[in-house]
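Thanks for sending this one over. Here are a few notes to read beside the model, in numbered points.

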Amino acid sequence: MRKPGYRARIEPTIALINVVFLMLVFFMVTSTIAPPMDRDLRLVRTSDLDGGAPPDTLVVHPDGRLTYRGETMASAQAFYAARPDDAPGTVRIVPDRALPAVTMVNLARDLRAAGAASVMIVTQRGLE
């Protein structure tokens, strides 16, 4: 038989877990993981592709202007020379949606001629 005044003790760790979880959700919602790219840049849309964050990318604006880490580059050769020596041979390009395809193809050709092993185009995945 039980004693009439006996109650099971509630674990105080449940409240602690709830508070920690709420703090985690709050910081995930309010924080920025990566610095934003140029605000006036509109990415090309694609679908059904595996995506990844672009580490060091060459940004191509609609007028053909090239920027790398916030600095304007004169040409594809200048960009390739400005990269660190230990950078991989893959070059990632972030083109604006309004960039003509001919300019994009010429830029990729110039990067390959400068020594890039491969050229990847970073796009925005289309939601369908």
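1. From the N terminus on, the order of elements in the protein is α-β-β-β-β-α-β-α-β-β. That gives three helices and seven strands; helices (H or I, at least four residues) and strands (E, at least two) are DSSP runs, numbered from the N terminus.

2. A word on conventions: this is a predicted model, where local features need pLDDT of at least 70, side-chain atom pairs count only at pLDDT 80 or more, and totals for chains, interfaces and linings use all residues. Residues are numbered from 1 along each chain as its sequence is written, and side-chain values use heavy atoms, with hydrogens and water left out.

3. On confidence, the mean pLDDT (the predictor's confidence in each residue, from 0 to 100) of the protein is 78, and 75% of its residues reach 70 or more. Helix H3 (residues 101-114) has the highest mean, 90, and strand E1 (residues 45-46) the lowest, 69.

4. Of the 128 residues in the protein, 20% are buried, that is, under 20% relative accessible area (1.4 Å probe, protein chains only). Among contacts (heavy atoms within 4.5 Å) with a separation of 6 or more, 66% join residues 24 or more positions apart.

5. Do look at helix H1 (residues 13-30), where Leu-22 sits. Why does Leu-22 count as exposed? Because its relative accessibility is 57%, and exposed means over 50%.

6. The protein exposes about 10,100 Å², with 59% supplied by carbon and sulfur atoms; accessible areas come from the Shrake-Rupley method with a 1.4 Å probe, and for residues only the protein chains shown count as cover.
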